[in-house]
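Please consult the sequence and the model shown here alongside the text.

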Amino acid sequence: MSDLSPRRSSRLSRRQREDLAYRLGIGGGVAALVAVAGVVLAIVGIVGSWLPVLAVIVAVVCGLLFRRTVT
């Protein structure tokens, strides 16, 4: 209690949150697009099924982080 100065806020500024939300939105969208294309290519037999699964996982994580960032 000897230090009466206000604590530094560990929260991001509004601009930093906007930038983070933008990057998460772009990343999640690209991952979803890769997942859809990967499913089509996996059905045709060009790529394995691990690519769409990984892309879906990345898209879901980006979506959850985006939701946490904007609320």
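At what angle do helix α1 and helix α2 pack, and how far apart are their axes? In this predicted model, α1 (residues 14-44) and α2 (residues 50-70) pack at an angle of about 155°, and their axes lie 8 Å apart. Since angles over 145 degrees count as roughly antiparallel, α1 and α2 are therefore roughly antiparallel to each other.

**Helix packing**
- The crossing of α1 and α2 is left-handed.
- The contact of α1 with α2 comprises, by class, 19 nonpolar, 5 polar and 1 charged residues.

**Overall fold and dimensions**
- The secondary structure of the chain consists of 2 helices and 0 strands.
- The chain has a radius of gyration of 19 Å, whereas a compact globule of 71 residues would have one near 11 Å.
- Along the principal axes, the C-alpha atoms of the chain fill a box of roughly 70 × 20 × 15 Å.

**Largest pocket**
- The largest pocket holds about 190 Å³ of space.
- Its lining is formed by R11, L12, R17, L20, L24, L65, R68, T69 and T71.
- The elements that contribute two or more residues to the lining of the largest pocket are α1 and α2.
- By class, the lining of the largest pocket has 4 nonpolar, 2 polar and 3 charged residues.

Definitions and conventions:
Residues numbered from 1 in each chain as written. Predicted model: local features only at pLDDT ≥ 70, side-chain atom pairs only at ≥ 80, totals over all residues. Heavy atoms only, no water. Axes fitted to C-alpha atoms, helices over the stretch in contact; angles between N-to-C directions. Helix = DSSP H or I, 4+ residues; strand = E, 2+ residues; numbered from the N terminus. Parallel < 35°, antiparallel > 145°, perpendicular 65-115°, else oblique. Left-handed = near helix turned anticlockwise from the far one by under 90°. Nonpolar A, V, L, I, M, F, W, Y, C, P; charged D, E, K, R; others polar. 1 Å grid on protein atoms, 1.4 Å probe; cavity = no way out; pocket = protein on both sides within 12 Å on 5 of 7 lines; lining within 4 Å. Points joined across faces, edges and corners; volume = space filled by probe spheres on them. Rg over C-alpha atoms; globule rule 2.2 N^0.38 Å.
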